[in-house]
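Please read it alongside the structure.

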Amino acid sequence: MFTGIVTDIGEVVAVERRNDVRRLTIATAYDTATVDLGASIACAGVCLTVVETEPARFSVEAAPETLALTTVADWAEGARINLERALKIGDELGGHIVQGHVDGQAEVIAREDLGETTRFTFAAPRALAPFIAIKGSVTLDGTSLTVNTVEGERFSCLLIPHTLANTTWGAVQPGDRVNIEVDMMARYAARLAEFR
């Protein structure tokens, strides 16, 4: 489990294809001596398992399902990605409950710089649009964001200067694709309603 509060920006330093699996090595400011093998780290919102650590870097492996559904397949050396280590019992839940189980990709339709803040407008996949609500939470590239407007499959989020400076969002432009995970409570509410 995660919160969608990004705690580091990692950089992909190596990509290795192994049949249908992709192994990625990511440079980080985390003290990797405290990262256990088998630990989960959210990489741009994708929960990936640590398979190796070295000083200031860790390696993860992405399976075909992850490569098909997320932006991981597009990552190359030099790619910068939002990172978050898994919650520990007793940690502050600053964002919202995030599983790291990405539902798909949203496209950035517009970026509007409004002085200190920036409004991004996204197009969600049609199947995910019903789970996105005004004032609800959504996870985009591993960042817990509040939805400001919704119109059909399009929605917008307003980002504050801190988020722009401490995540990869400062560089995001129209046409980019980002990983999206809808709010877990919305998903379960819809599933319950389906059986009523």
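## Salt bridges

R126 and E153 form a side-chain salt bridge, with N and O 2.6 Å apart; the term requires a side-chain nitrogen of Lys or Arg within 4 Å of a carboxyl oxygen of Asp or Glu. R126 lies in the loop between β8 (117-123) and β9 (137-140) and E153 in the loop between β11 (149-151) and β12 (154-159), so the bridge ties together parts 27 residues apart in sequence. R126 is exposed at 65% relative accessibility, while E153, at 32%, is partly exposed. Here buried is under 20% relative accessible area, exposed is over 50%, and partly exposed is in between (1.4 Å probe, protein chains only). This is a predicted model, in which local features need pLDDT of at least 70 and side-chain atom pairs pLDDT 80 or more, whereas totals for chains, interfaces and linings use all residues. Residues are numbered from 1 along each chain as its sequence is written, and side-chain values use heavy atoms, without hydrogens and water.

The structure holds eight salt bridges. One of them pairs R18 with E61 at 3.7 Å, N to O. R18 is in strand β1 and E61 in strand β5 (residues 57-62), so this pair links parts 43 residues apart in sequence. Strands are DSSP runs (E, at least two residues), numbered from the N terminus. Both residues are partly exposed, R18 at 36% and E61 at 32%. R111 also forms a salt bridge, with D113, the closest N and O atoms being 3.0 Å apart; R111 is partly exposed at 22%.

## Largest pocket

The largest pocket holds about 390 Å³ of space. Of its 15 lining residues, W75, A79, R80, D141 and R177 are the closest to its centre. The largest share, three residues, comes from β6.

A pocket is an open set of points on a 1 Å grid over the protein atoms alone, where a 1.4 Å probe fits, with protein on both sides within 12 Å along at least five of seven lines; lining residues have an atom within 4 Å of a point. The volume is the space filled by probe spheres set on the points, which are joined across faces, edges and corners.

## Residue T53

T53 belongs to strand β4 (residues 46-54) and is partly exposed at 29%. Leaving out residues up to four places away in sequence, T53 touches T32, V35, L37 and F58, a contact being heavy atoms within 4.5 Å.

Methods
Helices (H or I, at least four residues) and strands (E, at least two) are DSSP runs, numbered from the N terminus.
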